[in-house]
Amino acid sequence: MTNEPVRTVFFLSDFGSQDEFAGVVHAVIAARAPGTTVIDLTHHIPAFDVRAGSHTLVRAVPHLGSGVVLGVVDPGVGTARRGICMEVALPSGGTMYFVGPDNGLLVAAAEAAGEAPVTRVVELAGEPAAPDRGATFDGRDLFAPVAAALCTGTPLEQLGELIDAASLARLVGGVVEQGRLHDGRTCLRAEVTWVDHFGNLQLAATVADARVAGIPTVGSIELAARIESGHEYLDGLPQSLVPDGVRLRCVEAFGQLQQGEFGLMADANGHLAVVAGEASASHWLNVVAGELLVLAW
C-alpha cells in the first residue's frame, strides 16, 4: 500500500469535555500538522468502557472517509499495553489509519472500514518521557503525535515495528441467541450494546439476525423477562428488573408510535432497537448497556 498523506483526524475519547484533555490533544495535532482538520466524534464515552467506544466507531466509520481515527479509551498508560496504528485501504479509494491502544477498541471499526481483516499494523514507538514527568497521558504524548505524523505523510513503518495482526486484542461479540421459551414461543435473546442520548436501546442483533429468527415485521412481540419455567430464586430477588410481558409494536419509524408506546424497529445502523414514543425506553424499562433482553413471539 502506498503512503498517502491525510488531512483529517476523527477523534474519540473517554476524556469528557470538562477538563482540558481533549483540547490539549487538538493543540498537539495543530502544532505538529498545521492545517489538519480535527473532527470530534465524541469525548463522552463512559470512562474505561472500551466496548462502548468500539461500537461507536463501528457506527461512525462508514461515514468518515480518508483520515486518521484517533481513539483513546482506557489506554492502560504506564502498563505493558501496546499503542498501535493500523493502515486500511478503503474500498472506495483512499486510506484510513486507526491510532490508539491495543485493547479491542479499534479492530472491529478498522475491519468494517476496509471490509476485510487488518493486515498492516505497527506497535508504536513513543518518544522518551521527560525525567520529571510520569507516563499518564498517552493521548497527548503518543497518539496525538502519531496522528499528526500521519497527516504530514510519515510512512507507517517509521512509526513503529510491524507486528502480526493476529496478535491484536479483540472484544467478544455481543450476545445473540435464538431459542424457545418453556411455553413453546420462539425467542431471541440479545445484548443491549448501546443506549443513545434519547434512551433508545440498540441490540447486538442485526436485521439479518431478525430475519433468520423469523421476528415478525408487523404486529407486536413481547419483551419477556422470564426465561426458565418454575425456577425459584432463593434470595427473593426477581430474575430481572425489566418488566415482564411488555408489548413492543413492530414499526419502521419513531413517528409511528404513540407517546409512551414501546416499539421494536431497525435502526440506522442495521441493528434492532427497542424504543419508546417520545420517551426513554432505557428509563421506563430500567435497562442499561450490557443487559440481555428476550424478545418472544
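In what order do the 7 strands of the open sheet lie, and with what pairing?

Tutor: This is a predicted model, in which local features need pLDDT of at least 70, side-chain atom pairs count only at pLDDT 80 or more, and totals for chains, interfaces and linings use all residues. Residues are numbered from 1 along each chain as its sequence is written, and side-chain values use heavy atoms, with hydrogens and water left out.

The order of the open sheet is β2-β1-β3-β5-β4-β6-β7, and its pairing is mixed. Strands (E, at least two residues) and helices (H or I, at least four) are DSSP runs numbered from the N terminus; two strands pair if DSSP finds at least two bridges between them. β2 (37-42) and β7 (160-162) are the edge strands, each pairing on one side only. On average, neighbouring strands are turned by 20 degrees against each other, direction ignored.

Helix α3 (residues 107-114) lies across β4 (83-89) and β5 (95-101), at about 15 degrees to β4. Such angles run from 0 to 180 degrees between N-to-C directions, with axes fitted to C-alpha atoms, for helices over the stretch in contact; contact means heavy atoms within 4.5 Å. Val107, Ala109, Ala110, Ala113 and Gly114 are the buried residues of α3, buried meaning under 20% relative accessible area with a 1.4 Å probe, protein chains only. Because these residues cover an arc of only 165 degrees around the axis, they lie on the same side of α3; the arc is that of the directions from the helix axis to the C-beta atoms. The buried residues of α3 pack against α2 (50-60), β4 and β5.

How values were computed:
Buried means under 20% relative accessible area, exposed over 50%, partly exposed in between (1.4 Å probe, protein chains only).
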